[in-house]
Amino acid sequence: MDEQNKLIDRAILCGVVWGKETQESVDRSLDELEGLLTTAGGVAVARLTQNKEAPDTRTMIGSGKAAELAYLCACNDITLVVFDCELTPSQIRNLEDIVGDDIRVIDRSMLILDIFALHAVTGEGKLQVELAQLKYTAPRLVGHGAELSRLGGGIGTRGPGESKLETDRRHMNRRIQALEQQIAEMDKNRKTMRAARDRSGIPEVAIVGYTNAGKSTLLNRLTDAGILAEDKLFATLDPTTRKYQLPSGEQILLTDTVGFINKLPHHLIRAFRSTLEEACMADVLLVLTDASHPQFREQLAVTEALLAELGATDKPTLYVFNKCDLGMAEIARIGSAAPENTAFISAKTGQGLETLIAKLETIISEGKRRVTYLIPNSDGGALNTLYRFASVESVEYGAEGMTVVALADAKARGMMRKYAVDDLPDKEDWE
Ligand SMILES: Nc1nc2c(ncn2[C@@H]2O[C@H](COP(=O)(O)OP(=O)(O)OP(=O)(O)O)[C@@H](O)[C@H]2O)c(=O)[nH]1
Ligand SMILES: [Mg+2]
């Protein structure tokens, strides 16, 4: 084997059919796992699935199946075993004892974290990934320190920026604390920047959706953002925001975000929470789905579940079905989304983008309401705010103050709330 070949992990993928899972759902999930493995630079050589009433607490799969796995590994030059379900640290140790010391056993979450480690670009992204790895991956590697240093940084053991993940227990806790502190500091800066952006009054639209749906391609197509868009899972980790001018002349901000995936590790959601929330604080969501993918319905469901977890439901949403150049015969209309909230496009060819923008424009302007304000004569600044951030329709000067009628969006209404005479409260005001 030459140097190059040594670096490519040959892997067996393992799935367990139990509980709500069926053979079919496990097979599909393994297809996705194979995509993740390819993205991480490995190659899937074989698959192993087992039907079980309940997972084995020692080894996840039964002991007979584990012996079969060891045999398969030995016959096929295997260096890596990836389980689609979450493994405990002791299950990993027991399985590694069975398959042999030179073979690493990891789970889906560790693989995803590995890809995140490879793809993190910004300082903040790297810190967030390292923190998630220290909390999830590292405890699963402890005890295999000797083997790891022998193997070098293979899939599942890579740190952000290709450095090796710290697994020394003594250093780990100190590092976790330092990372948490640094991330909290960055969070504060982000909040300050956000407050400044809020004051600018420009509507914000976040492009969210399953990984590989085409989010970066869409932002690139609309704004020449120059973001890396690839046929890889989790190509984007750091949000990118660009200005875009609607046909009406109004400016909006468009943000590309990290993709969602089924069984996204919780530590990762927590570590990336501030980044994800940032996107979810947008005024409007553009939920992108790869309409050509056989599992697009499931992918959309996963996206919606994660949005709910992040508290981003109840936002004006445009459902966008992408990659329609690849065929979309099966989709007439999707789920409960109304036609005016649905668009079919190809970010690649540009087909359907005009309609998408027109619908987006409508959604943004629908967020505006006519409100009457009574502004004390002493607060001339408030009237200026209205002139800047809303469309002022009339001003009457009286003894009590100025009575102003304006067409204002949610952001402007938020800024002017204390002077509103007849602004109906938003739903979120009650929460
Ligand atoms: N045929 C076709 N391919 C597309 C279209 N839009 C995007 N793609 C391809 O789909 C792949 C993924 O696109 P990205 O834009 O990187 O997807 P993403 O949603 O940003 O993915 P992550 O950042 O990994 O979450 C790339 O290979 C794109 O070229 C489309 O409309 N039609
Ligand atoms: Mg992307």
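**Entry 1: the whole chain**

I started with burial: buried residues make up 39% of the 431 residues in the chain. I use "buried" for a residue with 20 or more other C-beta atoms within 10 Å of its own, "exposed" for 12 or fewer, and "partly exposed" in between, with C-beta atoms placed from the backbone. This is a predicted model, where local features need pLDDT of at least 70, side-chain atom pairs count only at pLDDT 80 or more, and totals for chains, interfaces and linings use all residues. Residues are numbered from 1 along each chain as its sequence is written, while chains are lettered from A and ligands numbered from 1 in the order in which they are written.

Next I looked up the elements. The chain has 15 helices and 13 strands. Both are DSSP runs, numbered from the N terminus: helices are H or I with at least four residues, strands are E with at least two.

Then I checked contacts. Two residues are in contact if their C-beta atoms, placed from the backbone, lie within 7 Å. Of the contacts in the chain with a separation of 6 or more, 70% are between residues 24 or more positions apart.

**Entry 2: helix H5**

I picked helix H5, residues 108-119. Its 12 residues reach 17 Å from first C-alpha to last, close to the 16 Å expected at 1.5 Å a residue. The expected span is 1.5 Å times one less than the number of residues.

Two packed helices are described by the angle between their axes and the distance between the axes. The axes are lines fitted to C-alpha atoms, for helices over the stretch in contact, and angles run from 0 to 180 degrees between N-to-C directions.

I took H2 to begin with. H2 and H5 pack at about 35°, with axes 9 Å apart. The contact uses Leu-33, Leu-36, Leu-37 and Thr-39 of H2, and Arg-108, Leu-111, Ile-112 and Ile-115 of H5.

Then I turned to H6. H5 and H6 pack at about 145°, with axes 10 Å apart. From H5, Ser-109, Met-110, Leu-113, Phe-116 and Ala-117 meet Val-129, Ala-132, Gln-133, Tyr-136, Thr-137 and Arg-140 of H6.

**Entry 3: Val-26 in H2**

I stayed with H2, where Val-26 is found. Val-26 counts as buried because it has 22 C-beta neighbours inside 10 Å. Leaving aside neighbours within four places in sequence, Val-26 is in contact with Gly-15, Val-17, Glu-21 and Thr-49. Val-26 and Thr-49 are 23 residues apart along the chain, and their C-alpha atoms are separated by 8.2 Å.

**Entry 4: strand S3**

Strands of a sheet pair through backbone hydrogen bonds, either parallel or antiparallel. I call two strands paired if DSSP finds at least two bridges between them.

Strand S1 (residues 10-17) and S3 run parallel, joined by 4 bridges. Leu-13 stands opposite Val-82 in S3. S3 also pairs with S4 in the parallel sense, over 4 bridges. There, Phe-83 has Asp-107 of S4 as its bridge partner.

Which way do the S3 residues point? Leu-80 and Val-82 point one way, Val-81 and Phe-83 the other, and all are buried.

**Entry 5: the S11-S13-S12 sheet**

I moved on to an open sheet of 3 strands, in the order S11-S13-S12, with antiparallel pairing. Its edge strands, S11 (369-375) and S12 (391-397), each pair on one side only. The twist averages 15° from one strand to the next. S11 and S13 (residues 402-408) pair over 7 bridges. One detail I noted: Arg-370 has Leu-407 of S13 as its bridge partner.

Helix H14 (residues 380-389) lies across S11, S12 and S13, at about 25° to S13. I looked up Thr-385 in H14. Thr-385 counts as buried because it has 20 C-beta neighbours inside 10 Å. Not counting residues up to four places away in sequence, Thr-385 touches Met-415 and Met-416. Thr-385 and Met-416 are 31 residues apart in sequence and 8.2 Å apart in space, C-alpha to C-alpha.
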